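Hello,

Here is the structure I promised to hand over. My notes on it follow below.

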Amino acid sequence: MEKTVETDVVYAAIHQVRDFLTPYLGLANTHGAEFLSDDHWGKYVSPAAQSGLLELSCENLVDLSSLTIQDNFKESNLSTAEKNENGVLLCARQTDHGVKDLGSFITEARMCHLDRLDVLTSLDAILKGRHSTQNTTSVVSEAMSEKKIHEVGIMVDAVSFLYRITHSDLVVDVGSGKGYFASEMSLRHKIPVVGFDSSDTNTHGASQRDKKLSKKWVGLERRKKLKQAYCHSDTNTDEKESAYENQDIHSPNVTLPCDVHTKPSIAVAPGNKNSNDNYNDYNSSGSSLCATKTFQSSESASLSRKSHLSQEEQMTNCNLYRPVTLFVHPEMDLCKVIQQEAQQLESTVSPRLFLSGLHTCGSLAVTTLNLFLRDPNAVGLCCVGCCYQLMEEQGSNNQQEDHFPISSCGKIMGLQLGRNARNLASQSVHRIRASGQLQGGDFLWRALLNVLLLELGITVPDRIIGMRGLNKRNATFQDYAAAAFKKLGLTDRLPEVHMLRSFEDQYKDARARMSAFFQLKLVLAPVIEALILLDRLAFLLEQDTVNKAHLVQLFDPVTSPRCFALIAWKGTLKNEPFG
Ligand SMILES: C[S@@+](CC[C@H](N)C(=O)[O-])C[C@H]1O[C@@H](n2cnc3c(N)ncnc32)[C@H](O)[C@@H]1O
């Protein structure tokens with residue numbers, strides 16, 4: 001049996017990552033626009049590391065964080081690096097907090113990746129090796145990107161299992177977006193879901209999409225049943241196929257808006273769940289005692305109004321997903337909102353809630369964690385964060401809740417990152433590597449603009465808005481400069497074209513340095529993400545009410561770069577993972 005992660009191990013990991021990262025926070029917080037004007041290359045990369053980087057092939061540069069020093073960094077370049085008597089590099093840091101030695105920097109950074117810190121729990125260990133036996137139905141995956149299909153498939157499997165072991169009554173999907181996860185969960189697993197999203201456009205879109213899917217789902221289920229029926233009859237195979245294929249899945253005679261839900265059911269009174277109500281209680285088609293109970297209430301609600309409803313309405317009304325436009329905050333009373341907005345989904349006034357969040361961006365991840373802890377009805381959690389740059393750090397602005405650090409350990413240590421460092425943590429390291437394309441060079445014109453403005457004696461504004469994408473809309477630096485000066489209201493100060501050309505020429509080697517510098521910074525991205533997630537994991541483990549908390553890699557990082565989930569539950573569960 002796999003062990004569960006201990007708080008001490010997580011604290012030790014936080015210390016290790018903090019100790020490595022702190023001297024490099026200056027580097028991590030650099031911005032491409034200042035690469036030339038602030039001489040980042042000279043300031044944060046030692047001469048030895050500079051030549052090491054420039055000697056690397058593009059292929060190796062893109063893969064920098066995976067490289068080993070022996071293969072890619074020549075001894076001659078190590079003349080300035082400190083070594084012990086065995087020739088082992090002692091310090092990867094430049095005195096002014098930059099990279100002194102490339103090889104050590106990469107090796108030490110790699111030791112701070114989550115998979116090297118002994119803090120991850122495998123999904124298999126949580127699911128006890130019991131993944132769903134169901135295939136993702138194509139109609140549900142409709143209108144989803146490959147990335148979303150991947151995420152939703154895995155997340156739905158994990159949450160449906162956790163929903164059952166936590167004896168939950170309802171899934172609350174926080175930041176539900178277009179409802180991809182919620183539709184899949186409710187249609188495939190017959191689990192009721194209320195989805196909260198602050199964007200009305202999203203919830204409206206989710207509702208429309210879910211209606212379409214529900215109708216298709218009815219047809220699909222019917223088709224599946226017909227297929228099964230024909231396969232069990234003694235009709236010959238050709239006849240079976242032909243009869244089956246001739247069934248029109250969109251036939252107006254479909255009378256089964258609730259057909260999907262007409263599985264044999266056992267009524268379970270709220271708060272009186274069958275003691276065997278665990279994973280084994282649900283069959284391969286996903287029906288469960290809990291789900292049947294909640295479905296029954298929605299089914300009877302739908303039936304009671306049946307005479308007034310069109311067939312289309314009947315179909316969608318037996319749906320178990322309710323998208324609600326609402327800004328989620330940690331103090332909200334979930335049950336009250338559910339009573340008001342999604343009463344048909346839950347018959348008990350005090351339902352056990354499972355909180356899920358797929359790519360809860362910025363602060364929403366921490367809000368979800370706080371909501372899970374504060375709401376006594378919330379019993380389980382599965383939360384994948386994203387967009388770390390959008391969260392607030394302690395002490396910044398006037399935010400109501402701190403988003404980093406949130407653990408007592410992190411607060412005592414005074415952890416700090418900075419916005420550009422959090423932005424870096426949101427980069428897709430695995431994708432960049434898989435693409436084989438060097439990044440960073442795109443910022444060259446923006447960096448040149450800063451230098452140009454300074455040379456002209458113009459104070460560079462702290463933040464120049466509207467420059468994003470300007471390089472893609474212009475074919476040459478001269479055009480770019482003209483567009484940028486116009487945006488800044490400085491058209492009359494724009495130098496002549498020939499001057500701009502010779503200015504650009506002075507920096508013709510800068511693109512290679514910029515790309516190399518970006519790849520160097522990128523080595524820190526998984527380390528910064530590790531610190532953010534370890535702080536969240538420690539925060540959960542520090543709570544008395546939390547029984548188990550795990551950090552789990554759910555997704556393939558190339559397909560879905562923000563791939564780690566925090567999974568937790570309150571109270572001891574019967575037959576729970578890790579016994
Ligand atoms: C990155 S999207 C993810 C959407 C969806 N879960 C998915 O995976 O497709 C984050 C969503 O959270 C919503 N959101 C952000 N902050 C929120 C808040 N405080 N309350 C409710 N929704 C929020 C946004 O509108 C957005 O739809």
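Pro 405 sits in the loop between strand 5 (378-386) and helix 18 (408-413). Helices (H or I, at least four residues) and strands (E, at least two) are DSSP runs, numbered from the N terminus. The peptide bond from Phe 404 to Pro 405 is cis, with omega near -10°. Cys 387 is found in the loop between strand 5 and helix 18 as well. Its phi is near 50°, a positive value in a residue other than glycine. Asp 118 also has a positive phi, near 65°. Its place is the loop between helix 7 (102-110) and helix 8 (123-127). For context, most residues other than glycine have a negative phi, and most peptide bonds are trans.

Please keep the source in mind. This is a predicted model: local features need pLDDT of at least 70, side-chain atom pairs count only at pLDDT 80 or more, and totals for chains, interfaces and linings use all residues. Residues are numbered from 1 along each chain as its sequence is written, and side-chain values use heavy atoms, with hydrogens and water left out.

Now the ligand. Of the 16 residues around the ligand, Lys 148, Gly 175, Asp 197, Val 328 and Leu 358 come nearest. A residue counts as near if one of its heavy atoms lies within 4 Å.

- Lys 148: a polar side-chain atom lies 2.8 Å from an oxygen atom of the ligand.
- Asp 197: a side-chain N or O atom is 2.6 Å from an oxygen atom of the ligand.
- Leu 358: a polar backbone atom is 2.8 Å from a nitrogen atom of the ligand.

Next, helix packing. The axes of helix 10 (residues 146-165) and helix 11 (residues 180-189) come within 9 Å and cross at roughly 55°. Axes are lines fitted to C-alpha atoms, for helices over the stretch in contact, and angles run from 0 to 180 degrees between N-to-C directions. Helix 10 and helix 11 are therefore oblique to each other. Under 35 degrees counts as roughly parallel, over 145 as roughly antiparallel, 65 to 115 as roughly perpendicular, and the rest as oblique.

Helix 22 (residues 477-487) and helix 23 (residues 497-506) pack at about 115°, with their axes 9 Å apart. That makes helix 22 roughly perpendicular to helix 23. Phe 477, Gln 478 and Ala 481 of helix 22 meet Val 497, Leu 500, Arg 501, Phe 503 and Glu 504 of helix 23.

Best wishes

Conventions
Contact = heavy atoms within 4.5 Å. Polar contact = N/O pair within 3.5 Å; in protein donor to acceptor, adjacent residues only side chain to side chain.
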